[in-house]
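Please open the structure in a viewer and keep the selection tool at hand. The stops below are meant to be taken in order.

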Amino acid sequence: MDALGDYVWPRATSELILLPVTGLECVGDRLLAGEGPDVLVYSLDFGGHLRMMKRVQNLLGHYLIHGFRVRPEPNGDLDSEAMVAVFGSKGLRIVKISWGQSRFRELWRSGLWNMSDWIWDVRWLEGNVALALGHNSVLLYDPVVGCMLQDVPCTDRCTLSSACLIGDTWKELTVVAGAISNQLLVWYPAAALADNKPVAPDRRVSGHVGVIFSMSYLESKGLLATASEDRSVRIWKVGDLRVPGGRVQNIGHCFGHSARVWQVKLLENYLISAGEDCVCLVWSHEGEILQAFRGHQGRGIRALAAHEMQAWVITGGDDSGIRLWHLAGRGYPGLGVSALSFKSPSRPGTLKAVTLAGSWRLLTVTDTGALYLYDLEVKCWEKLLEDKHFQSYCLLEAAPGPEGLGLCAMANGEGCVKVVPINTPTAAVDHGLFAGKVHSLSWALRGYEELLLLASGPGGVMACLEISAALSGKAIFVTERCRYLLPPSKQRWHTCSAFVPPGDFLVCGDRRGSVLLFPSRPEVLKDPGVGGKAEAGSGPVGGDSGTDGSNAVAEWSPVSTLHSLHGKQGVTSVTCHAGYVYSTGRDGAYYQLLVRGGQLQPVLRQKTCRGMNWVAGLHMVPDGSMVILGFHANEFVVWSPRSHEKLHVVSCGGGHRSWAFSDTEAAMAFAYLKDGDVMLYQALGGCTRPHVILREGLHGREITCVKRVGAITLGPEFQVPCLEQPDFLEPGSEGPGLTDIVITCSEDTTVCVLALPTTTGSAHALTAVCNHISSVRAMAVWGLGTPGGSHSPQPGLTANIVSAGGRAEMHCFSIVVSPDSGTPSGLACHVMHLSSHRLDDYWDQQRNRHRMVKVDPETRYMSLAICEPDRPGVGPLVAAACSDGAVRLFVLQDSGRILQLFAETFHHERCVLKVHSFTHEAPNQQRRLFLCSAATDGSLAFWDLTTVLDHGSALLEPPAEPGLPYQLGTPCLTLQAHSCGINSLHTMPTREGHHLVASGSEDGSLHVFVLAVKAPELEEAVGEPELMPQLHVLEEYSVPCAHAAHVTGLKILSPTLMVSASIDQRLTFWRLGHGEPTFMNSTVYHVPDVADMDCWPVSPEFGHRCALGGQGLEVYNWYD
């Protein structure tokens, strides 16, 4: 329906788009970004900060924006006004904009011109615009009148994959066309003898073995760069292309990308390329890689822009993220790896261990028992001490805190520990602890109040030493506070330790992979039964300072233990931050833990970047985010979970050697031993990278499911910055800050929690859950509430979420969203993992596996539905549609902490695509719970779960073998609704006590019918558990060609209104209740391959909202 026609209710309007960024252009200190048909305008100051000034919606109609061309001004002033040509696909529009005084205004716009062919490039020529079209022709257009002045084709009318226009007048206009034959064609439109006469190419340039996707010309140096499908970038010496007959020479063939290269841009001193591998490379003109920018997710970087004056590179990705990077020479570059030249005749022995005391002092010990100090500022070695008792075997650890607090500790194979003040090594204190080898050392610091040193000895005994200093500061005191006993294991020693604020407990990790909680001092446990005080051995375990063992010390066992949390490879670090404990291990994961009531509780398990199986530690950076330290094969990696990029990569040879890491605001340092020397990597400014995330990316792959959780109303103190100026606010959008909480899941194995304010037209990613090992295809929400419960409610929202997808994997977790004025969205989200389930795990528990057929390990969960029975003692059920033809029921117990397979059925015998649950309530009848399932053959099946859950019901067949799930039996109604797969399903009760059931199919058809439920009366049901309800269809209607493609979203909004969405990119409204569904109106949306849709009412003033998820996310709203 024409957008200029009469208003038809309901009219859906696009409120928010998150699509791949396909166009970028720097105009002065402004940035124009194209996202779908929308234009985002950012204001950048020279400090690298940003502020979004405006989102211009639907500027290019139904076309995607691919580029911007700014008309050059004679005086070069673009700070206040600019004339911009916006183009993409077959559309072109000219816009005059003003952004003076930090306010965006659109002064004038032309009509939307629809060309007959794809537009590859646009060039301003003395007030007119030249267009390079998709079949090797050039148009000259008058933007004021809106008419074509000239149309010149080339004699080679091949399909183009890219084009570049060069020149400022029609006479000197040069076309460089990338043909489908992998050639470059250079020709001159002004050479046409008459209108519409073809022009022959002047030059043909060959070299690439794939399609050429992008090209860039640098006039000052006569260079042309091309990017191709063959994963290479070529540099050509072409001279002045405006002069016919020139010579073309290939001077560079650059290989650095691992996939197709989409974009290339030539600067005076650099060449920038970006491609499908999500990497932006910075090259020299000689073809040497200078920098590599990684951080975007998904299928590549689609747009590229550069600000030469500020040495910025700006990239836009398929993940809808926009990032600003600093070129070499700007920001805080890494200083590289350097050898510290330890080998010298004056320093005999072989290096055994290295550690860092802050970022500027390095300590190392040799097999002669000598301790050396290297000052990174002075750049010289200094021998601190030498002790023959520490020959051969020696451990070395520096105290944490700024510059290591000036302390380090050494331990040997004879049970002795030496604490050394670095500034006064002669004041070192020896302390005999064990009769055998000291296996490990670690420090624990509580502010500046308490410093402990923990040492593990034989038999799992861990001594706790308290370190204090004399008032003069020239001496230290070492006293043994207590001893702890580690759980039995083959390798029985601890690996790391930390204080748990406020300091009553110590958390430790051991070599067996367990995380342990100990009291920091014995008096913390007033009740000896808590934590289990181990009896002192019959003989003395250790003494205070002597080795005669005259003073036996009691050994305390942990008060809480998470056995083998990180598998058998061990815990590598424990860190406390913001009330949580974070542990890392060599299983490639890190855990978020909570200490509650003196017990450790796992909250969330997260995987790191692909390939990092050895997570060495976590580090909190000044902006409040964290970075992860680990080893990827033979490389040390600093990885940012927030930006999904490797901040630093050091080829050190692996983590089995002695190494140390330190980070301050001034510098980051990583030291390791290699080839008998100390190697040092430094980066000024800390471990964070000096780049700006203009906009966070959402998902790297297609969104498969979108669900609305609930809404939060924020007060004035949590105001979120508005993208619209007050003059542009929609009617009814004033008032309290209502924010919808929406969750999305994707093929990239993540679940994302989003905040969608109703007044700002923006989306904020609150957190991402990365527990799945394969794609996440379905989600379900249950247990909606508020923090604090019904007795003491607090502002915010709580909910339980079940997610499932590939590899027959299902996870249950809870989220708590609460107001937080310190975040851009005004909200903070905390996630707690509750339980998980995999069919493979279930299979491994079977005793008679050899007698049964194994469940397909590639089974995928296609859809989920929550079924909440009203029976006491029965938790919510999760119904899952499975690709192996089964409908499975899982039961959630203990508030989601237990997830078990309860029952299943293979009734459909083919892939089940959708499940949906609904309840039937009628006077004098028992509330009944129904489940509807839909399969690829177009059939629907209805199951009466209330009867199934009755004890002793014959419908629930006992398992054939102990431990197997129950069998659901036969459904109470089956119906052939479609001729092929059903991709969308929804129900709604009617006033008459019936149910409207609507389904959408792969053939684009809709099926709507009225379902009547005749249930037994309560008097009849007493003592008759087998009385089943009767289901039958009262009315049935079909719309064969409702959409031109798969119907993937369907929602009955009321008994008279239904909305559907399809891959044909149309959101269509249907009138119900008067026979066959009647078409009302349709709106075209911009998200390709929509996989799911969710709709919900917001408020009487705001109307409804609708979220569409596919290759992007789009939010619509319409008013009632």
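The tour goes from a sheet to aromatic rings and then to charges placed over rings. Keep in mind that this is a predicted model.

**Stop 1**

Select residues 614–620 and 645–651, which are strands β52 and β55. They belong to an open sheet of 4 strands, ordered β52-β53-β54-β55 and paired antiparallel. Because β52 and β55 stand at the edges, each has a single partner strand, and one side of each is left without a neighbour in the sheet. From one strand to the next, the twist averages 20°. As background, the strands of a sheet pair through backbone hydrogen bonds, in either a parallel or an antiparallel way.

**Stop 1: two tryptophans**

How many aromatic pairs does the count come to? The count is 23. For one of them, select Trp118 and Trp120: the ring centres are 6.0 Å apart and the planes lie at 45°, so this pair is tilted. Trp118 has a relative accessibility of 31% and therefore counts as partly exposed. Trp120, at 27%, counts as partly exposed.

**Stop 2: a pair between strands**

Now select Phe631 and Trp659. Is their pair stacked or edge-to-face? The planes stand at 70°, with the ring centres 5.3 Å apart, so the pair is edge-to-face. Phe631 is in β53 and Trp659 is in β56 (residues 659–663), so the pair ties together parts that lie 28 residues apart in sequence.

Colour the two by accessibility. Phe631 is buried, with a relative accessible area of 3%. Trp659 counts as partly exposed, at 24% relative accessibility; the cut-off for buried is under 20%.

**Stop 3**

**Stop 4: charges over rings**

Arg586 lies over the face of Trp614, 4.1 Å from the ring centre. Then move to Arg71 and Trp124. Here the charged end of Arg71 sits over the ring of Trp124, at 5.7 Å from the centre of that ring.

How values were computed: Residues numbered from 1 in each chain as written. Predicted model: local features only at pLDDT ≥ 70, side-chain atom pairs only at ≥ 80, totals over all residues. Heavy atoms only, no water. Pairing = 2+ DSSP bridges. Helix = DSSP H or I, 4+ residues; strand = E, 2+ residues; numbered from the N terminus. Axes fitted to C-alpha atoms, helices over the stretch in contact; angles between N-to-C directions. Phe/Tyr/Trp six-rings, centres within 6.5 Å; stacked < 30°, edge-to-face > 60°. Buried < 20%, exposed > 50% of the residue type's maximum accessible area, 1.4 Å probe, protein only. Lys NZ or Arg CZ within 6 Å of the ring centre and 35° of its normal.
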